[in-house]
Amino acid sequence: MFCVQAGALALIPYKRFNTTTPLFEKMSDYSKKMMNQFGASGVMICLSLARDLGVVDVLIEAKQPLTSQQVADKLNLRERYVREILGALSVGEVINVNDTSTKFYVPEDQKQTLVTVSIFSRLLPQLGMRYNNVKACAQQRNPGGMVYSENPEMFDILKEILVTIKKDIVDTDILPAIPQMAQWLESGIKVAEFGCATGVLVNKLASRFKNSTFLGSDVASKPLEEARAYAYSRGIQNITFSTDNVDTISEKYNESFDWILTRDVIHDLTYPQQALNQIYRCLKPGGIYSMIDIGIEGGIAGNIANGTSMFYYSAGTFMCIPESFRQPDSAALGATWGAPLAREMVAKAGFTIINESTSRTDEKEIHFVCQK
């Protein structure tokens with residue numbers, strides 16, 4: 001092939017790009033890593049879009065490879081967008097494509113992982129929506145925090161994580177860590193979950209253990225309305241809901257509960273030590289407190305290149321630190337506060353940790369079983 005050289009009449013040979021020696025191979029290891037990180041960030045946002053548009057569900061349900069047109073037709077989407085999304089997921093090795101780049105599929109043994117990661121990927125656009133606010137929060141001249149309720153969709157995503165990814169959390173992560181608890185619940189005890197949000201966990205427990213009574217509490221009223229509506233629609237009679245700040249729980253709950261739970265709550269609080277003290281006050285003597293929370297070990301240096309830790313440090317920047325940093329003297333722990341500090345704080349509140357167990361769906365989430 002030949003092409004005309006600009007500003008000259010002569011024809012010069014056209015040199016085809018040599019795909020056997022791509023520029024990427026000449027890069028330093030650090031450059032390659034940075035390019036892969038940059039590319040992966042875009043792929044994950046495309047995965048979030050694929051999840052929201054229904055593309056992931058179509059691929060999961062498919063029994064054979066599909067063209068972009070077939071996927072688009074099933075969802076009444078524009079094929080050109082679908083093709084580009086599938087292209088991003090394919091080059092990112094999220095899904096597979098055939099040799100002609102026309103048919104897309106997910107191997108059976110990868111489908112559950114894809115569902116899990118696609119749900120978590122929905123958080124990424126939410127981080128982007130908070131970018132300008134977080135940039136302002138980081139500057140000394142501005143207030144330091146913002147609340148989750150400024151992005152209401154965040155609660156829907158967190159609910160989907162509990163309903164889909166952690167749907168068996170009661171039987172995999174919670175009850176096995178406290179062997180006697182199921183028996184106590186069957187016989188009838190008083191239970192509270194502080195920071196229950198949409199009430200997925202506390203409603204599940206209340207519907208199963210009808211001899212016990214439950215309180216679902218959260219400082220945010222809108223997700224609590226959803227929790228209350230769900231309980232009413234399912235005829236769950238042994239549960240009540242209240243709007244409380246766990247930092248300042250009402251005196252009426254002094255030594256009221258046999259079991260109190262929080263999940264991914266303490267690290268988000270403005271005054272977490274005060275909250276732990278309040279929880280201790282509300283438990284009956286000998287009562288159990290289940291603090292289910294992120295418990296990273298090893299600090300920053302011990303978590304280099306760990307994908308789960310990478311996410312939690314990023315989520316902490318955009319979600320957890322802003323949520324807790326609403327007062328000048330906020331603890332602002334963040335999701336990466338670490339298991340050693342968690343142990344120190346519950347001990348300071350007066351608790352004795354009688355067991356610890358790691359979640360089966362998250363290597364960094366620990367169930368600290370504490371006793372008064």
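1. In helix α16, the residues Ala-339, Ala-342, Met-345, Val-346 and Ala-349 are buried. Buried stands for under 20% relative accessible area, exposed for over 50%, and partly exposed for what lies in between (1.4 Å probe, protein chains only). Seen down the axis of α16, these buried residues fall within an arc of 125 degrees, so they line one face of the helix; the arc is taken from the directions that lead from the helix axis to the C-beta atoms. An α-helix has 3.6 residues a turn, so residues three or four places apart point the same way. Glu-344 and Lys-348, on the other side of α16, are exposed.

2. The model is predicted: local features need pLDDT of at least 70, side-chain atom pairs count only at pLDDT 80 or more, and totals for chains, interfaces and linings use all residues. Residues are numbered from 1 along each chain as its sequence is written, and side-chain values use heavy atoms, with hydrogens and water left out. Helices (H or I, at least four residues) and strands (E, at least two) are DSSP runs, numbered from the N terminus.

3. What covers the buried face of α16? The cover of its buried residues includes α14 (272-282), β10, β11 and β12, on the basis of contact (heavy atoms within 4.5 Å). Just after α16 comes Gly-350, with a positive phi of about 115 degrees.

4. The sheet is open and has seven strands in the order β8-β7-β6-β9-β10-β12-β11, with mixed pairing. Two strands pair if DSSP finds at least two bridges between them. At the edges are β8 (239-243) and β11 (352-358), each of which pairs on one side only. From one strand to the next, the twist averages 15 degrees. Helix α16 (residues 339-349) packs on this sheet and touches β10 (283-294), β11 and β12 (365-371); the directions of α16 and β12 make about 15 degrees. Axes here are lines fitted to C-alpha atoms, for helices over the stretch in contact, and angles run from 0 to 180 degrees between N-to-C directions.

5. Six of its seven residues are buried, so β9 is largely enclosed by the rest of the structure. Strand β6 (residues 190-194) runs parallel to β9 (residues 257-263) and is joined to β9 by three bridges. Val-191 has Trp-259 of β9 as its bridge partner, and Ala-192 has Ile-260. With β10, strand β9 pairs in the parallel sense over six bridges; there Trp-259 stands opposite Ile-288.

6. Which residues take a positive phi without being glycines? Ala-197 is one of them, at about 55 degrees; its place is in the loop between β6 and α12 (200-208). Ala-332 is another, at about 50 degrees, and is found in the loop between α15 (307-324) and α16. Ala-332 counts as buried, at 17% relative accessibility.

7. The second largest pocket has a volume of about 310 Å³. Its lining has 13 residues, of which Val-43, Met-44, Gly-92, Glu-93 and Val-94 lie nearest its centre. Helices α2 (29-53) and α6 (111-121) are the elements that give two or more residues to this lining; α2 gives the most, with five residues. On a 1 Å grid over the protein atoms alone, a pocket is an open set of points with protein on both sides within 12 Å along at least five of seven lines, whereas in a cavity a 1.4 Å probe fits but cannot get out; lining residues have an atom within 4 Å of a point. Grid points are joined across faces, edges and corners, and the volume is the space filled by probe spheres set on the points.
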